[in-house]
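Dear colleague,

Please find below the structure that I am handing over to you.

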Amino acid sequence: MNRLFEDSGRVLAFGAHPDDIEVGAGGLLARLVEEGATVTMAVVSVPNNMEVRKREAEQGAATLGAKLRFVFDEKPNRVEDIPMHELVRRFDQLVADVQPDLVVTHCQNDLHWDHGLVHRATISALRRTTCDLLAFISSPEMNAHVRGYGNCFADVTKTIETKVRAISAHQSQLSHLDLDSTRDLARAMGRISGHAYAETFEVLRVRI
Ligand SMILES: [Zn+2]
């Protein structure tokens, strides 16, 4: 991973829905942008309220300094309505376009079914790619009983407020999103990893 910070790496983040990436990995992605990486956020599906949620996603990505791609934005849909082979085909195209050094995606154990499907499709799409791979939990409260919170702690002290601003871009979702608990969780994870604020990830593949 250190190599990413030394030269400008390419990072590709997959999120099932608008706001998932900001909630799960917004602090790390903003930090990587500041350190010179090119970050592409891939939002797989927009389940409803298409125009509003696309605009919010654009604002969220812009706040992090990331590029944004929609994987399926022809019409509102749920990830589980998309055939897995089609999901993997589109992920394949994204991976070929971006040629990532690091991919960030949903955790396998996430209880949201769509999130688990995006995890599976990501793993399949990386079958011929030798990048690093981290997984995030995008709704820690919902997944509080899932084994641990990860085994990798990213220092997001300098970017926690950028992350909160990026989440706030999703105005239509703010009734479900607790910005105080975002800060509280990052502070708690920071306490156990020696940072003021931290995000946690599960390391699925890392080249050292
Ligand atoms: Zn989601």
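In what order do the seven strands of the open sheet lie? The order is 3-2-1-4-5-7-6, with mixed pairing. Helices (H or I, at least four residues) and strands (E, at least two) are DSSP runs, numbered from the N terminus, and two strands pair if DSSP finds at least two bridges between them.

This is a predicted model, in which local features need pLDDT of at least 70 and side-chain atom pairs count only at pLDDT 80 or more, while totals for chains, interfaces and linings use all residues. Residues are numbered from 1 along each chain as its sequence is written.

Strand 3 (67–72) and strand 6 (152–155) are the edge strands, each pairing on one side only. Strand 2 (residues 38–45) runs parallel to strand 3, and five bridges join them; T40, for instance, has K67 in strand 3 as its bridge partner.

Helix 5 (residues 113–125) packs on the sheet and touches strand 1 (10–15), strand 2, strand 4 (102–106) and strand 5 (132–136). Contact here means that C-beta atoms, placed from the backbone, lie within 7 Å. The 13 residues of helix 5 should span 18 Å at 1.5 Å a residue, and the end C-alpha atoms are 19 Å apart, which agrees; the expected span is 1.5 Å times one less than the number of residues.

Among the buried residues of helix 5 are L117, V118 and A121 (buried: 20 or more other C-beta atoms, placed from the backbone, within 10 Å of the residue's own; exposed: 12 or fewer; partly exposed: in between). Their cover includes helix 4 (84–98).

Technical notes: Two residues are in contact if their C-beta atoms, placed from the backbone, lie within 7 Å. Axes are lines fitted to C-alpha atoms, for helices over the stretch in contact, and angles run from 0 to 180 degrees between N-to-C directions.
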